[in-house]
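Thanks for coming, everyone. I have one structure to walk through today. Take a look at the screen.

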Amino acid sequence: MYSPPPHHPNGHHHPNGGATTSRRSSSRARSRVPPTSHYSTTTNGGYDQTEAAAAPPPPPCTDFDMAYFNAYADVGIHAEMIKDRVRTDTYRNAIMHYRSLIAGKVVVDVGCGTGILSIFCAQAGAKRVYAVDASDIAVQANEVVKANKLSDTIIVLHGRVEDVEIDEEVDVIVSEWMGYMLLYESMLGSVITARDRWLKPGGLILPSNATLFMAPVTHPDRYSHSVDFWRNVYGIDMSAMLPLAKQCAFEEPSVETITGENVLTWPHVVKLIDCYTISNQELETISTKFKFQSIMRAPFHGFAFWFEVAFSGPEILTDSDVLPSISCSSNTQLSDTIQRKKRPHPSEALILSTAPEDPPTHWQQTLIYFYDPIDVEQDQVIEGSLTLSQSKENPRFMNIRLEYVSGGRSVVKESIMR
Ligand SMILES: C[S@@+](CC[C@H](N)C(=O)[O-])C[C@H]1O[C@@H](n2cnc3c(N)ncnc32)[C@H](O)[C@@H]1O
């Protein structure tokens, strides 16, 4: 089903079924039709056929999707995520932070995996949690829920968010959907689907915002390790290997850990995502123009990408934001006023960061290397454009087109994260 996996420095597998730049280690995909069954009888009861007829049909579940869900049936991928304490502790802290908005409320956990976030929500006092996962890991999630005596609160639905039925609106959506470079895996689309299907107006989405960053980097050690090594091997000139070595090391994006010292400039914001308002269409193609100025003289080896997500609260109405309506009638009621909505200031939000200067996570950073470095001087300008687009072949893959100019050199690099 897939082309042979390209070389990858850490040799991990990932949920898209390939064996390249791995977000999360997993087994190779097996073919299976994801079921749309559930372990509870409480969900399909109120299913309205006329509404279903009016709603757009769910997107088809492709072979790529099946391979993706099968990869998440492997225990290793879940162990890796759960052992990432930066990730899991931040989610738990965020859920406990918003306890007052979760207690007594209905939650949907989009892609529950082993059920860990659903259990955190139950611990925060949720009245009911719909834990949805299309992967067979949902079977284990149900066992975990039973073993923790939470079956009265957590309803595990084994199926796609796009297909399962929940016959009530929900107050909260929680989901850990972020892939490498934030958008790889394209799982955010399923969170959008859940939001549009079930979230009450004014409901809470955790996380609420996401930001993708990029910056030019220098990484001489990595370059030497992959490329320069061939110049002299046991005293033999193996430079003839250089073109192949560069191609194998740098053709595809590479997931690896760098530090703040590798970064040559302040980062550029590629995309800001508001999970309350983003549409699936907006995610199909993302374009940005960048202009950096190197803060030092160094060989410029490529660009690094990382992201952060913020857990800020839902929109709130404050007295100072309640303004009289311009077109109000003489008997204006409060309901006739324009109410401005605000979220708490970003600095008050809890942040999960995958930046090079922050504690490492299993997402590491994603690097796009050039075949040959460009020597940049201090203050030298590096400018160009970036386009990220969902692959037509498999929307979970990401096409990356980078164009940049620096010191009179102009380069176009196209790669696919698969
Ligand atoms: C990154 S894992 C997170 C698992 C768990 N929430 C955690 O934090 O450990 C994402 C999970 O979402 C599931 N998933 C992705 N897209 C889905 C969809 N459209 N419907 C149902 N489950 C989905 C995958 O099978 C996978 O188990």
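Two notes on the source. This is a predicted model: local features need pLDDT of at least 70, side-chain atom pairs count only at pLDDT 80 or more, and totals for chains, interfaces and linings use all residues. Residues are numbered from 1 along each chain as its sequence is written.

Overall counts. The protein chain has 11 helices and 18 strands. These are DSSP runs, numbered from the N terminus: helices are H or I with at least four residues, strands are E with at least two. Of the 418 residues in the protein chain, 44% are buried. Buried means that 20 or more other C-beta atoms lie within 10 Å of a residue's own; exposed means 12 or fewer, partly exposed is in between, and C-beta atoms are placed from the backbone. Now contacts with a separation of 6 or more in the protein chain: 76% of them link residues 24 or more positions apart. A contact is two C-beta atoms, placed from the backbone, within 7 Å.

Next, the ligand. How many residues surround the ligand? The answer is 22, and the closest are Tyr72, Gly111, Gly113, Ser135 and Ser190. The cut-off for being near is a C-beta atom, placed from the backbone, within 6 Å of the molecule. By class, the shell holds 12 nonpolar, six polar and four charged residues. Here Ala, Val, Leu, Ile, Met, Phe, Trp, Tyr, Cys and Pro count as nonpolar, Asp, Glu, Lys and Arg as charged, and the others, Gly among them, as polar. Helix 3 (75-83), helix 6 (116-123) and strand 3 (128-133) each supply at least two shell residues. Helix 3 gives the most, with three.

Stay on helix 3. Ile77, His78 and Met81 are buried there. Those residues cover an arc of only 95° around the axis, which puts them on the same side of helix 3. The arc is taken over the directions from the helix axis to the C-beta atoms. Val75 and Lys83, on the other side of helix 3, are exposed. What covers the buried residues of helix 3? The cover includes helix 2 (63-71), helix 4 (85-97) and helix 7 (137-147).

Helix 6 is another case. Seven of its eight residues are buried, so helix 6 is largely enclosed by the rest of the structure. Among the buried ones are Ile116, Phe120 and Cys121. After helix 6 comes Gly125, with a positive phi near 100°.

Now the strands. Strand 11 (residues 298-311) has 12 of its 14 residues buried, so it is largely enclosed by the rest of the structure. Strand 11 pairs antiparallel with strand 7 (residues 209-217) over nine bridges. Pairing requires at least two DSSP bridges between two strands. In that pair, Asn209 has Ala310 as its bridge partner. Seven bridges join strand 11 to strand 15 (residues 365-376), again antiparallel. There, Phe303 stands opposite Ile368. Strand 14 (residues 350-353) pairs antiparallel with strand 11 over four bridges. Glu308 stands opposite Ser353 in strand 14.

Four strands form it, in the order 10-16-17-18, with antiparallel pairing. Strand 10 (285-293) and strand 18 (409-417) are the edges, each pairing on one side only. Strand 10 and strand 16 (residues 381-390) share nine antiparallel bridges. Phe292 has Ile382 in strand 16 as its bridge partner.
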